[in-house]
Amino acid sequence: MLDIHDIRTSKALVIQRLQKRHFNNAAESVERLLVLDQQRKTAQLSVDSTAAQLNLLTKQIGQLMQQGKREEVALVREQTTTLKIAMKTLVPQLQACEKALQHALYELPNLPNAEVPEGKSSADNELVYQSSQVPINNAAQLPHWELARQYDLVDFELGNKITGAGFPVYKGRGARLQRALVNFFLDEAQHAGYEEIQPPIVVNEASAHGTGQLPDKEGQMYQLKDTTFYLIPTAEVPLTNLYRGDILSQTVLPIKNVAYTPCFRREAGSWGTHVRGLNRLHQFDKVELVQIALPEKSYGALQEMCAYVRYLLEKLELPYRVLKLCGGDLGFTAAFTYDLEVWAVGQQRWLEVSSISNFEAYQTHRMQLRYRDEHHRTQFPHTLNGSALALPRIVAALLENNQTASGIRIPPILHPYTGFKTIA
RNA sequence: GGAGAGGUGGGUGAGUGGCUUAAACCAGCAGUUUGCUAAACUGCCGUGCUCUUUUGUACCGGGGGUUCGAAUCCCCCCCUCUCCGCCA
């Protein structure tokens, strides 16, 4: 959520930034917001001043009662009635104004940072880095779903039977490989200074609100029947909401948390081509990093997170590239995002395995997460998160890129975790 | 699933209709003093809106009601805890 104060004071900049992400009717939305804000202010003032008069009279009555001046009490009571009647219309007016303003604020996405490249779609994202050796398919190299079947690592049909499409069953060395990756990612994150958290994978509405999944985007989440609980689409939701509503001491920043969780996504409407095998699932595993940082240090933290995820990919010996998302491709709540993609030789495709974003103060405004600065004032810290990493596509790339005539080679860094060096 | 208790400021916890933003204690912050593995004393110490400030106003789980006036009385809802049952 954007800060209404900022919108008030730097309207032109807000509009310009919203246009950068190709947000429809940016100028109109902002103008409407300012009108709503003004209405809210006016309503607030009339409520407050009426309440002030009422409180004054009420106090008088108390005093007069003690002095036993009955007839004067009756007189003052008369006056309160008119004010009370006025309040009956003023208060709902104010509430309506507040609600309208709140809703309008929720509808505005975050402002892209100044460094975000111009562009409309994923085609306009800026290539920041690409591994020098990107293998070309030699026609004998299979996509991972073939390999998964050949070595009996993932059973998609069994998943269909138990649950449905997008819920694969990992078996034997496939399951072991998953667990190895989770442990590898968690161990590395700990070394990089992240505290491990095991959060609930079911969250309430307030949490879904805090990180921006609600309102309006409930289509991406599974809701538990007869409840207002949701299965998390990413550990970002419970991790960031750990601090919802808190006023932190500046000295605890930056907070660095990591969690492994399964993630659940309905992906309503996006089912179809290009989603074969492990490419897009309803349930998948992910290790997620979250940082809460001082505003002036958040972009340093973003660079640090990006460097860390690149380190992981290099340890896994996967060819990858780094993209800076353009304004039009940026997620609703993000101010700046790096996408990391690995090359899957069997499919001749780049697969997104990590998205590292700085949300600046957008989420902290929403969840009223603040810290106290050296002048004892409350300020909004920045939140960041990034996958480190999303499992299924890493598995897909490992299988495809490391396939040989004699089996699938496991990168050495994982050997202590898998207990095997090849899948043959 | 059955029964009961309770939700007050960072924590503990007083407060049963006006003098309560709310006692007291702890924690925290600032300072003074002594000196030593800390203590004593003094002051400050909730958040939002309004906003240069003051003032004003709202908030004692949420919503509604009674009243000139509600943390306090009434109704509904939510949540937490305890005991029993079942159970990983």
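Buried means under 20% relative accessible area, exposed over 50%, and partly exposed in between, with a 1.4 Å probe and protein chains only. The model here is predicted, so to speak of local features takes pLDDT of at least 70 and side-chain atom pairs count only at pLDDT 80 or more, while totals for chains, interfaces and linings use all residues. Residues are numbered from 1 along each chain as its sequence is written, chains are lettered from A and ligands numbered from 1 in the order in which they are written, and side-chain values use heavy atoms, with hydrogens and water left out.

On to the rings. A pair of aromatic rings is described by the distance of the centres and the angle of the planes. Rings of Phe, Tyr and Trp (its six-membered ring) pair if their centres lie within 6.5 Å; planes under 30 degrees apart are stacked, over 60 edge-to-face, and the rest tilted. Ten aromatic pairs turn up in the structure. In one of them, Tyr129 and Tyr320 have ring centres 5.2 Å apart and planes at 35°, so this pair is tilted. Tyr129 belongs to strand E1 (residues 126-130) and Tyr320 to strand E10 (residues 320-324), so the pair ties together parts 191 residues apart in sequence; helices (H or I, at least four residues) and strands (E, at least two) are DSSP runs, numbered from the N terminus. Tyr129 is partly exposed at 28% relative accessibility, whereas Tyr320, at 1%, is buried.

Phe167 and Tyr222 make another tilted pair, with ring centres 6.5 Å apart and planes at 50°. Here loops do the linking: Phe167 sits between helix H6 (156-162) and strand E3 (169-170), Tyr222 between helix H8 (205-211) and strand E6 (230-231), 55 residues apart. Phe167 is buried at 17% relative accessible area; Tyr222, at 22%, is partly exposed. Elsewhere, Phe184, Phe185 and Tyr417 form one aromatic cluster.

A charge sits over a ring if NZ of Lys or CZ of Arg is within 6 Å of the ring centre and within 35 degrees of the ring normal. Arg310 lies over the face of Tyr129, 4.1 Å from the ring centre, and Lys256 over that of Tyr194, at 4.7 Å.

Last, a sheet. Two strands pair if DSSP finds at least two bridges between them. Three strands form an open, antiparallel sheet in the order E16-E17-E18. Strands E16 (403-404) and E18 (422-423) are at the edges with a single partner strand each, so one side of each has no neighbour in the sheet. Strand E17 (residues 407-409) is joined to E18 by two bridges, and Ile408 has Ile423 in E18 as its bridge partner.
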